[in-house]
Amino acid sequence: MQSPIVGHHQIIEQLHHAIASNRVAGAYLFAGGANVGKETVALHFAKSVNCLTSNEGACGTCLSCRKTDNGNHPDVQVIRPSGAWTRINQIRELQRRIVYRPLEGVRKVYILTEAERMNLEAANCLLKTLEEPPAESVLILLTANLDALLPTIRSRCQIINFQPLPVPELAAHLIQQFELEESHALSIATLSGGAVGKALTLLQENKAHFENEIPEIITTGDRLAAFRIAEKLSQNPEVLDHLVSWYRDLLLLHQGAPIDLLTHVYHIESLRRLTSRYSRLQLQSAIQTIFETKKLLTRNVNATLALEVMVLKLLVNDT
Ligand SMILES: [Zn+2]
């Protein structure tokens, strides 16, 4: 069965095999960095365990799979820290429920996220369940910090280590799923360090930046546009901070800084082209000019005039 998950093929195969051969452990510990895919795989495992149509994997379409996807399967529960910690009453509640047979599925599945954030009382309480996990149940503990867990907890779970995806593999996935350009996919994959969840978050953030087009003042060399641009800026002077972020990106690129320092990674290709139009000094003085104008605007100056002067200076820079 086709797995919908990016990467972690071996782990998924191992888990599918455990289900098919009826050797699902009572407790697992998924260890690996933040956003690497532990929770996604845990939920996939929960679906696979209870899937109504497939014996190896999750179909994703049966009632059981859909209920798990929608977070309303009565036998699948995700327990997250409440505030800073997962507390003893959350574990006691789990213990109260876990002894009953599954209502709809084959097994009850409890997923504890950020297991390192169980306080000592809660962890000691959970030990009792880990010592003798009820039949027809499976506990999946997730952690980004294996060493922070009690050794007694670690030793009672089957530990599965999650590694970040190789950058080229993650990039290939991003290209395929989101139709990204190769260079863009590679920058996102690199920035995320191979963590799929992180990559998706970055992609969303970058999309927001993408909707913010590169300011016209940077892309145009037309001094006739100056007054129109100044007029626009005067309606929304807060945009000046935003404008600085673009010049800062150009300056960083000019200095050969790593791309993870950029604010507008999504526009990396255009920025690379644009940065060659400026000298380092021009970029520095552009940023300085914007800061000086910001200062002027806090005093009682003619805002439109100050902005016109600024725009003209910035365009003069642009040769
Ligand atoms: Zn299914």
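User: How do H12 and H13 sit relative to each other, roughly parallel or roughly perpendicular?
Analyst: Roughly perpendicular. This is a predicted model, and in it helix H12 (residues 239-254) packs against helix H13 (residues 268-275) at about 75°, with 9 Å between their axes. Angles from 65 to 115 degrees count as roughly perpendicular, so the pair gets that label.

User: Which residues in H12 and H13 meet?
Analyst: On the H12 side you've got Asp-249, Leu-250, Leu-253 and His-254. They meet Leu-271, Arg-272, Leu-274 and Thr-275 of H13.

User: OK, and H1 with H2? What's the angle there?
Analyst: About 25°, and the axes are 10 Å apart. That makes H1 roughly parallel to H2.

User: Left-handed or right-handed crossing for H1 and H2?
Analyst: H1 and H2 cross in a right-handed way.

User: And what does H1 use to meet H2?
Analyst: Ile-11, Ile-12, Leu-15, His-16 and Ile-19 come from H1. Their partners in H2 are Val-41, His-44, Phe-45, Ser-48 and Val-49.

User: Let's do cores. How many residues are in the largest nonpolar core?
Analyst: 36 residues. Phe-30, Ala-42, Ile-140 and Leu-141 have the most contacts inside that core. Several elements each put in at least two residues: H1 (9-20), S1 (27-31), H2 (38-50), H4 (88-98), S3 (108-112), H5 (120-131) and S4 (137-143).

User: Which one supplies the largest share of this core?
Analyst: H2, with 6 residues.

User: What is Ala-42 in contact with, leaving aside neighbours within four places in sequence?
Analyst: Phe-30, Ile-111, Ile-140 and Leu-142.

User: What's in the second, separate core?
Analyst: That one has 22 residues, including Ile-218, Leu-253, Leu-283 and Ala-306.

User: Where do the domains run?
Analyst: The domain assignment gives domain 1 as 9-163 and domain 2 as 212-317.

User: Switching topic: Asp-75. Where is it, and is it buried or exposed?
Analyst: Asp-75 is in the loop between helix H3 (63-69) and strand S2 (76-79). It's buried, since 24 other C-beta atoms lie within 10 Å and the cut-off for buried is 20 or more.

User: What's Asp-75 in contact with, skipping the neighbours within four places in sequence?
Analyst: Asn-50, Pro-102, Leu-103, Glu-104, Gly-105, Lys-108 and Val-109.

User: And how far is Asp-75 from Arg-154?
Analyst: 24 Å in space, C-alpha to C-alpha, with 79 residues of separation in sequence.

User: What about Glu-179's phi?
Analyst: Also positive, at about 55°, and Glu-179 is not a glycine. Glu-179 lies in the loop between helix H7 (167-178) and helix H8 (182-191).

User: Is Glu-179 buried or exposed, and why?
Analyst: Exposed, because Glu-179 has 8 C-beta neighbours inside 10 Å, and 12 or fewer counts as exposed.

Definitions and conventions. Residues numbered from 1 in each chain as written. Predicted model: local features only at pLDDT ≥ 70, side-chain atom pairs only at ≥ 80, totals over all residues. Core = buried A, V, L, I, M, F, W, Y, C linked by C-beta atoms within 7 Å. Helix = DSSP H or I, 4+ residues; strand = E, 2+ residues; numbered from the N terminus. Contact = placed C-beta atoms within 7 Å. Domains from an automatic or database assignment. Axes fitted to C-alpha atoms, helices over the stretch in contact; angles between N-to-C directions. Parallel < 35°, antiparallel > 145°, perpendicular 65-115°, else oblique. Left-handed = near helix turned anticlockwise from the far one by under 90°.
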